[in-house]
Amino acid sequence: MPEGLSITLAGGIDITALVANDSAQVGDAVTVGIRAEHLIEEAHSGIPLVGVVNLVEHLGEANYLYLTLANGVDIVVRGDGEREVKLGTPISISAPSHAFHVFNADGQALRRLKPGNMQSSRQHKNVLNEV
């Protein structure tokens, strides 16, 4: 059995999200989310996506790029603040499978298989408990 959950997004984009698939059934409606800082400029690894730049928010060390994907979905990517980006330009981005958040029709999150910084959070909690 493959790890994670295979999801077809609107517009036919297929992704694999590294979430527990023990409660999801084929055909269930889900909501998929990803944080802007987990999307990667250029599609060199992960799930490749292409979007057109609608707005660039320059914040010094970072640019927030507001994109529209081919399927009409709007997303935000945290990019390199030194990179020059022009409105209307298509750019390639990628999303690692472990970074997706998936919610069922009731809004409950499916458990992530690789939750990122949870280990450090647990260690921090243990240190606080020992003090």
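Good morning. The model under discussion is a predicted one.

The largest pocket has a volume of about 330 Å³. Of the 16 residues in its lining, L9, V32, I34, V73 and I75 are the closest to the centre. Which strands each supply at least two residues of this lining? They are β3, covering residues 31-33, and β7, covering residues 74-80. In terms of class, the lining of the largest pocket comprises 13 nonpolar residues, 2 polar and 1 charged.

The second largest pocket holds about 220 Å³ of space. Its lining consists of 13 residues, and those nearest the centre are L5, S6, I7, Q25 and D28. Strand β1, residues 5-8, gives the most to this lining, with 4 residues. Here the classes divide into 7 nonpolar, 5 polar and 1 charged.

Is L65 buried or exposed? Its relative accessibility is 0%, so L65 counts as buried, the cut-off for that term being under 20%. What surrounds L65, once neighbours within four places in sequence are left aside? L65 is in contact with E41, L55, V56, I75, V76, V77, V85 and I91. Finally, G51 is 14 residues from L65 in sequence, and their C-alpha atoms are 9.8 Å apart in space.

Thank you for your attention.

Terms used: Residues are numbered from 1 along each chain as its sequence is written. This is a predicted model: local features need pLDDT of at least 70, side-chain atom pairs count only at pLDDT 80 or more; totals for chains, interfaces and linings use all residues. Side-chain values use heavy atoms; hydrogens and water are left out. Buried means under 20% relative accessible area, exposed over 50%, partly exposed in between (1.4 Å probe, protein chains only). Contact means heavy atoms within 4.5 Å. On a 1 Å grid over the protein atoms alone, a cavity is a set of points where a 1.4 Å probe fits but cannot get out, and a pocket is an open set with protein on both sides within 12 Å along at least five of seven lines; lining residues have an atom within 4 Å of a point. Grid points are joined across faces, edges and corners, and a volume is the space filled by probe spheres set on the points. Ala, Val, Leu, Ile, Met, Phe, Trp, Tyr, Cys and Pro count as nonpolar, Asp, Glu, Lys and Arg as charged, and the others, Gly among them, as polar.
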